[in-house]
Amino acid sequence: MSELIFRNGTILTIDAEHHVLAGDVAAVDGAITHVGGSYTPQTSDYQIVDCTGCVIMPGLVQAHVHTCQTLARGRADDMELLDWLRKVIWPYEGRLDEEALSAAAELAYAELLLGGTTAVLDMGTVHHTDAVFRAAEKSGVRATIGKCMMDAPDTHAALAESTQSSLDAAAKLITRWNGAANDRLRYAYAPRFVLSCTDELLREVGVQAKSKGVRIHTHASENHGEIALVRQRYGVDNIVALDQLGLLGEHSCIAHGVHLSADERRLLAERGAHVCHCPSSNLKLASGICSVPDLIAAGVSVALGADGAPCNNNLDGFLELRLAALLHKHKHGPLALPAPEAVRIATLGGARALGQADRIGSLEVGKRGDVIAVDVQTLHAIPTASPWSAIVYAAQSCDVRHVAVDGALVVRDRHLLTLDVEQVRTRALAAAHKLFP
Ligand SMILES: [Zn+2]
């Protein structure tokens, strides 16, 4: 029996009543056994981390990232989506070998964990997906990862694949990784977007995802040009097309959803599909602003994500949280997305998008021990009247002091315990230098 105790903080439980408690959070053998008040270890096999002056909360869950893209950080600034993809991102992903992909993913997971993100939905890239899973396994992060699928005839040559080889590769990855590392790693079908795939592949993904019980992760309705091309091909809006292809359900997570009609929002809600809001990425690529308050009002469950390093340019969950809370006040007024609701989206909303709301996303007895402690006594956060306010509007990712995933400490006093940060840096720089000489 091994016990991990986050001692003496202010606890945001994110339970149904948004309880805020004082005291300890304990996890025994990976599962939360105690929330609030003081906890006495039951055995001699325990670890205590001091959380004085900290907010203890569930780890952030990012439901849309591309860890493979991290080495292209700063290489694709000030561009529009379709140009950004065709001129930089696809050629870059096409040049990734196993070593570069591994270096990119380790860099991303190190940044994510140090910044308090404990779980992700990762779109991956077309080839070498095992390297992404291995990096996730080693880093200690909770990750649902897909092999990006691209079998459309006009796919960038180095990424092009046949329908069958794409499906075969996904099937192999499911066998090898879905449920691995004590179910910390899972698989998601990841057709890049409707335009990068054939109808045959998309329909088959819909069928297989249901029969194998795995998630579907795709991009949709990010950009006007993309939407026009989808309408040209199918004669209907993007979300309707996804539905007709059998891809919309409680098990699907759509990244972006920037430009949606009221009918599309209703359809998403009816199917129980999740939308991942990526505010930095949408602003930087000038795609527009996803109307999160309208989605929530329609009954759609929303999550947050940083997307990829080249369109952000970092993977900072706290930055996305703050932006999400600020951005919608412009159009919907100061009451839009109040701080507790924003935190709920960044944690439990993500857990729902990953299909794991029964396991993570809140600090409740029986859930897995994905817990972070955030220092709110920094000069930029004091004085604070409310932990919600401190976390959403004042805290930064560098304030994250301790991080646990599945009851195992992965960051202690701001030091990553699972990967050697200097090695991650050296490998990433060497691989980036090869890719961009
Ligand atoms: Zn993306």
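**Exercise 1.** Look at the zinc site in this predicted model. What spacing do the donors of the zinc ion follow along the chain?

*Solution.* Step 1: along the chain, the zinc donors show the pattern H-x1-H-x152-H-x87-D.
Step 1: The protein donors are His64 (NE2), His66 (NE2), His219 (NE2) and Asp307 (OD), and they sit 2.1 to 2.3 Å from the zinc ion.
Step 2: find two of them in the fold. His66 is in the loop between strand E6 (60-65) and helix H1 (81-95), while His219 belongs to strand E11 (residues 215-220), so this pair ties together parts 153 residues apart in sequence.
Step 3: check the angles. The 4 donor atoms subtend 85 to 174° around the zinc ion, which makes the arrangement irregular.

**Exercise 2.** Work out how helix H14 and helix H15 cross, and which residues make the contact.

*Solution.* Step 1: grab the axes. Those of H14 (residues 339-353) and H15 (residues 387-394) come within 9 Å and cross at roughly 65°.
Step 1: angles of 65 to 115 degrees count as roughly perpendicular, and H14 and H15 are therefore roughly perpendicular to each other.
Step 2: the crossing is left-handed.
Step 3: list who touches whom. H14 brings Ala339, Pro340, Ala342 and Val343; H15 brings Trp388, Ser389, Ile391, Val392 and Tyr393.
Step 4: sort that contact by class, and you get 8 nonpolar, 1 polar and no charged residues.

**Exercise 3.** Where in the fold is Pro383, and is its peptide bond with Ile382 cis or trans?

*Solution.* Step 1: Pro383 is in the loop between strand E15 (371-375) and H15.
Step 1: omega is about -10° for the bond joining Ile382 and Pro383, a cis peptide bond.
Step 2: for context, most peptide bonds are trans.

Conventions. Residues numbered from 1 in each chain as written. Predicted model: local features only at pLDDT ≥ 70, side-chain atom pairs only at ≥ 80, totals over all residues. Heavy atoms only, no water. Axes fitted to C-alpha atoms, helices over the stretch in contact; angles between N-to-C directions. Helix = DSSP H or I, 4+ residues; strand = E, 2+ residues; numbered from the N terminus. Parallel < 35°, antiparallel > 145°, perpendicular 65-115°, else oblique. Left-handed = near helix turned anticlockwise from the far one by under 90°. Contact = heavy atoms within 4.5 Å. Nonpolar A, V, L, I, M, F, W, Y, C, P; charged D, E, K, R; others polar. Donors = N, O, S within 2.8 Å, 3.2 Å for Na, K, Ca; no water. Tetrahedral: all angles 85-135°; square planar, octahedral: opposite > 155°, others 65-115°.
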